[in-house]
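Let's take a look at how charged side chains pair up in this protein. Here is a quick briefing to read alongside the model.

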Amino acid sequence: AGVTFAWLSYVHSMEYLGTAGISLTYLNSGDIEKRGSTKEKAGHYQMNDISVIIGYGREILRETLAGGSVRLIHEAIDEERATGIAIDIGVLHRLYFPRHRVNVGVAVQNIGPPMGPGETSPLPLLVRAGISDKPWGEKLTLSGEVDYFINSANLQGGLGAEFLLYEMLFFRAGYQFGRDFASGINGITLGFGIKYIEYIDYIFDYGVRRMGDLGFVHRISVG
């Protein structure tokens with residue numbers, strides 16, 4: 001059976017009090033063939049991940065924003081179950097220049113105790129730093145990101161660009177490095193987005209990348 005992934009979120013602005021949000025993520029592996037000690041068939045099993053994230057952020061200084069979130073995690077592999085908690089914190093600062101705006105941000109993610117299922121292991125503690133620039137006003141956005149996984153001393157990152165066309169259509173391209181399946185042509189990501197602004201913003205995003213033997217992976221989001 002195929003893999004099922006679902007994501008649902010809601011964000012509410014409270015004006016001067018900041019912005020709060022909640023999201024739900026669900027991942028199901030579908031049926032995976034189970035094998036015994038002598039590699040004989042022993043039925044099927046599934047892997048399930050469910051997480052609920054509650055977050056809040058606000059401006060703490062002029063052009064400086066800070067926020068954090070608490071993530072409740074439930075994982076299941078066959079008959080093994082585990083529940084845990086993780087905390088993310090981050091800060092973002094805006095820099096304004098005569099012709100463009102630069103955003104610089106740093107975040108620490110996956111702060112929390114070890115969890116299972118089965119034998120417990122540490123959460124992948126991550127320090128993430130990013131920068132984005134708009135050299136041509138709102139027409140072009142350039143971005144870069146570096147991720148450092150403290151537990152494994154693994155460095156990853158990516159570069160990206162977004163071009164605005166006709167005030168509502170965006171084209172995107174990027175390249176990722178240091179990640180699984182992200183070498184050579186597999187590191188390239190492409191996509192587009194449509195944003196219709198009226199009384200309520202309507203957003204459609206599509207992205208595609210190649211992930212080795214898994215082939216092309218397509219991602220669609222609607223908001």
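A residue is called buried when its relative accessible area is under 20%, exposed when it is over 50%, and partly exposed in between (1.4 Å probe, protein chains only). This is a predicted model, so local features need pLDDT of at least 70, side-chain atom pairs count only at pLDDT 80 or more, and totals for chains, interfaces and linings use all residues. Residues are numbered from 1 along each chain as its sequence is written, and side-chain values use heavy atoms, with hydrogens and water left out.

**The overall count**
- Side chains of opposite charge can pair when their charged atoms come close.
- Searching the whole structure turns up six salt bridges (a side-chain nitrogen of Lys or Arg within 4 Å of a carboxyl oxygen of Asp or Glu).
- Arg128, Glu145 and Asp147 are joined in a network of salt bridges.

**Arg71 and Asp88**
- These two side chains form a salt bridge at 2.9 Å, N to O.
- Arg71 sits in strand 6 and Asp88 in strand 7, so the pair ties together parts 17 residues apart in sequence (strands are DSSP runs of E, at least two residues, numbered from the N terminus).
- Arg71 is buried, at 13% relative accessible area, and Asp88 is buried too, at 12%.

**Asp205 and Arg172**
- Here the salt bridge spans 3.0 Å, N to O.
- Asp205 belongs to strand 14 (residues 201-210) and Arg172 to strand 12 (residues 169-177), so this pair ties together parts 33 residues apart in sequence.
- Asp205 is partly exposed, at 21%, and so is Arg172, at 27%.

Key. Helix = DSSP H or I, 4+ residues; strand = E, 2+ residues; numbered from the N terminus.
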